Amino acid sequence: MNDRVGLAPPQGLFSAERLRAWAPAEWLAPLTPDWRALAQTFFDGDAGRSLGRQIQARLDAGAVIYPPRPLRALELTPLSAVRVLILGQDPYHGAGQAEGLAFSVAPGVKPPPSLRNIHKELARDPQLAPRPVPADGSLQGWARQGVLLLNTCLTVEDSEPASHAGLGWEVLTQRIILAVTEQVSPVVFMLWGAHAQKALAHACAGQGWKEERVGAQGRHLVLTANHPSPLSALRGPQPFLGCGHFSQSNSFLQAHGRGALTW
């Protein structure tokens, strides 16, 4: 997630919206038991403890880290409720932007370029009902309907995109991805850009099988396209603008008895 909003957030509105301490117990408390058990195992393990030491060291050194609640996506979308998984890279790195949901910015913040292209694709899709342009860029409404908006890295430092990539969050997020693939109920995987597509492949490889199995026998639907960034949204071979993923998702979910989403 490398977009940055050009306008500053309203003065004082997001002054506290940063990570203050490494606090897994606090982040786990709001989760449903399925996610809590999975995340607790990670935090108790070597990868989780190493990640915690590294992030706390950066905080102690004065680093500004976002978002304040790294597991926000799991809070809003219980595992049993997941109908769609959208994978992002890491949180937005501007003050007041990140709210712990991939491609989403905090309420009241103007949508950044990739999210504006997502809104364009929603408006363009002739299979979806017309809708007004959203006033801000928060996608909490999607998350509450069962859209797991998961970044593969869950924290970032101010003005430093991908600054926490490779520190250990990926161990947890790969386990989350696998947990979704193992759901009996059909799920739509929206993979926009090479990073998201590789993330699913890596998660599957860890289990000794290929990502094609996720969509095998029609249980899940895997949709791929370029990233919605202005740099790639119109490029071939799979342009994001015109991909039709949102209506395809609704058609698949309705056909499998899971109901359409209000995008």
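Reader: Where is Ser159 found in this predicted model?

Author: Ser159 is in the loop between strand S4 (156–157) and H7.

Reader: Why is Ser159 called partly exposed?

Author: Its relative accessible area is 34%. Buried means under 20%, and exposed means over 50%. The value for Ser159 falls in between, so Ser159 is partly exposed.

Reader: What makes the phi of Ser159 worth a remark?

Author: Most residues other than glycine have a negative phi. Ser159 is not a glycine, yet its phi is positive, about 65 degrees.

Reader: Which value does the phi of Phe103 take?

Author: About 70 degrees, positive again, and Phe103 is not a glycine. Phe103 sits in the loop between strand S2 (84–88) and helix H5 (113–124).

Reader: How do you know whether Phe103 is buried or exposed?

Author: Look at its relative accessible area, which is 1%. The cut-off for buried is under 20%. Phe103 is therefore buried.

Reader: What is omega near for the bond from Gly236 to Pro237?

Author: Omega is near 0 degrees, and this bond is cis too. Pro237 is in the loop between strand S6 (221–225) and helix H9 (245–255).

Reader: Which residues of H9 are buried?

Author: His245, Phe246, Ser247, Ser249, Asn250, Phe252 and Leu253. Their cover includes S2, H5, helix H6 (140–143), strand S5 (188–192) and S6. After H9 comes Gly257, with a positive phi near 75 degrees.

Reader: What else describes two packed helices, besides the angle between their axes?

Author: The distance between the axes. Those of H7 and H8 come within 9 Å.

Reader: Which residues make the contact of H7 with H8?

Author: H7 brings Gln174, Ile177, Leu178 and Thr181. H8 brings Ala199, Leu200, His202, Ala203 and Cys204. Of these contact residues, six are nonpolar, three are polar and none is charged.

Reader: Why is Ser80 called exposed?

Author: Exposed means over 50% relative accessible area. Ser80 has 54%, so Ser80 passes the cut-off and is exposed. Ser80 lies in the loop between H4 and S2.

Reader: What does Ser80 contact, leaving aside its neighbours within four places in sequence?

Author: Asp34, Gln183 and Arg258. Another pairing spans the chain: Ser80 and Ser185 are 105 residues apart in sequence, but 8.5 Å apart in space, C-alpha to C-alpha.

Reader: How do you know whether Leu85 is buried or exposed?

Author: Its relative accessible area is 0%. Buried means under 20%. So Leu85 is buried. Its place is in strand S2.

Reader: What does Leu85 touch, not counting residues up to four places away in sequence?

Author: Leu148, Leu150, Ile177, Val180, Val187, Val188, Phe189 and Met190. The C-alpha atoms of Leu85 and Leu191 are separated by 8.4 Å, although these residues are 106 apart along the chain.

Reader: Which members of the largest nonpolar core touch the most other members?

Author: Trp35, Leu71, Trp142, Leu148, Trp169, Phe246 and Trp263, in a core of 75 residues. H7 gives the most to this core, seven residues.

Reader: How many helices and strands are in the protein chain?

Author: Nine helices and six strands. The chain has 263 residues, and 52% of them count as buried.

Reader: What share of the contacts with a separation of 6 or more joins residues 24 or more positions apart?

Author: That share is 76%.

Reader: What is the accessible surface of the protein chain?

Author: About 11500 Å², with 53% belonging to carbon and sulfur atoms.

Key:
Residues are numbered from 1 along each chain as its sequence is written. This is a predicted model: local features need pLDDT of at least 70, side-chain atom pairs count only at pLDDT 80 or more; totals for chains, interfaces and linings use all residues. Side-chain values use heavy atoms; hydrogens and water are left out. Axes are lines fitted to C-alpha atoms, for helices over the stretch in contact, and angles run from 0 to 180 degrees between N-to-C directions. Helices (H or I, at least four residues) and strands (E, at least two) are DSSP runs, numbered from the N terminus. Contact means heavy atoms within 4.5 Å. Ala, Val, Leu, Ile, Met, Phe, Trp, Tyr, Cys and Pro count as nonpolar, Asp, Glu, Lys and Arg as charged, and the others, Gly among them, as polar. Buried means under 20% relative accessible area, exposed over 50%, partly exposed in between (1.4 Å probe, protein chains only). Accessible areas come from the Shrake-Rupley method with a 1.4 Å probe; for residues, only the protein chains shown count as cover. A nonpolar core is a set of buried Ala, Val, Leu, Ile, Met, Phe, Trp, Tyr and Cys residues joined through side-chain atoms within 4.5 Å.
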